[in-house]
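This briefing concerns selected side chains and their surroundings. The sequence and the structure are shown first, and the notes follow by topic.

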Amino acid sequence: VYGNSQISTAQSKYGNSSMYFDGNGDYLGLSNSSDFATSTLDFTFECWYYPVGRTTLYPRIFQVGTASWSSSDNWALVDRHNADPTKFSWQCVALGGNAILLESTTTVTTNTWYHLAVVRSGSTFRLFVNGVQEDTYTNAGAVTSSSSTEAQVASAAGGDFCNGYIDGLRFTKGVARYTSNFTPP
């Protein structure tokens, strides 16, 4: 854990607490692991997210890969990307460079819980907000190429911090948990 991120009881979705990130240097860094190297495998990333504010232009809720966006091993779920500062988006360098590949139709407001899920099933990528599929993207390419890569919660390895609460974060490699609308856990 870096910065002043902290367990907070002010907001939580699952139990009695969630993780709070103040948007000013807080993030959780996860060591290099083959767990985050998905290549062409199915995967599901999901979490509950409660945005408090927007302190950077590209605030990352979750990023796999290095701080250098030029690496082909990077993908990120972004809270209100600068190109559309009212939507959630997903980018993957190996599949589309800097392009937004998935974007919510939901207009993001602060101080509201959202269940977010990015799912790969075969060559189809889906973005769900509160259990509703809001966008799809088709590409059979590899998401990551390294056999081991890092991940960060609420940052891009020390930059692009997000300001909000995160609860119930789960990354599942090899499983597409949602392929149609669902009731969030």
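Ser104 is buried, with a relative accessible area of 4%. The model is a predicted one. Ser180, by contrast, counts as partly exposed, at 45% relative accessibility. The salt bridges in the model come to three.

**Ser104**

- Ser104 sits in the loop that runs between strand S8 (100-103) and strand S9 (114-121).
- Its 4% relative accessible area is under 20%, and Ser104 is therefore classed as buried.
- From its side chain, Ser104 reaches the backbone oxygen of Thr106 at a distance of 3.1 Å.
- With neighbours within four places in sequence left aside, Ser104 is in contact with Lys87, Phe88, Leu127, Val129 and Glu134.

**Ser180**

- Ser180 is placed in the segment after strand S13 (163-173).
- The 45% relative accessibility of Ser180 falls between the 20% and 50% cut-offs, so this residue counts as partly exposed.
- Ser180 and Val132 are 48 residues apart along the chain, and their C-alpha atoms are separated by 7.8 Å.

**Salt bridge of Arg170 and Glu46**

- The side chains of Arg170 and Glu46 form a salt bridge, with an N to O distance of 2.6 Å.
- Because Arg170 belongs to strand S13 and Glu46 to strand S4 (residues 43-53), this pair ties together parts that lie 124 residues apart in sequence.
- Arg170 is partly exposed at 34% relative accessibility, whereas Glu46 is buried at 2%.

**Salt bridge of Asp160 and Arg60**

- A salt bridge links Asp160 with Arg60, and their closest N and O atoms are 2.8 Å apart.
- Asp160 lies in the loop between strand S12 (149-153) and S13, and Arg60 lies in strand S5 (residues 60-64), so the pair ties together parts 100 residues apart in sequence.
- Asp160 is partly exposed, having a relative accessible area of 26%, while Arg60 is buried, with 6%.

**Salt bridge of Asp79 and Arg80**

- Asp79 and Arg80 form a salt bridge in which the closest N and O atoms are 2.6 Å apart.
- Asp79 counts as buried at 0% relative accessibility, and Arg80 counts as buried at 6%.

Key:
Residues are numbered from 1 along each chain as its sequence is written. This is a predicted model: local features need pLDDT of at least 70, side-chain atom pairs count only at pLDDT 80 or more; totals for chains, interfaces and linings use all residues. Side-chain values use heavy atoms; hydrogens and water are left out. Helices (H or I, at least four residues) and strands (E, at least two) are DSSP runs, numbered from the N terminus. Buried means under 20% relative accessible area, exposed over 50%, partly exposed in between (1.4 Å probe, protein chains only). A polar contact is a pair of N or O atoms within 3.5 Å; within protein, one must be able to donate a hydrogen and the other to accept it, and residues adjacent in sequence count only if both atoms are side-chain atoms. Contact means heavy atoms within 4.5 Å. A salt bridge is a side-chain nitrogen of Lys or Arg within 4 Å of a carboxyl oxygen of Asp or Glu.
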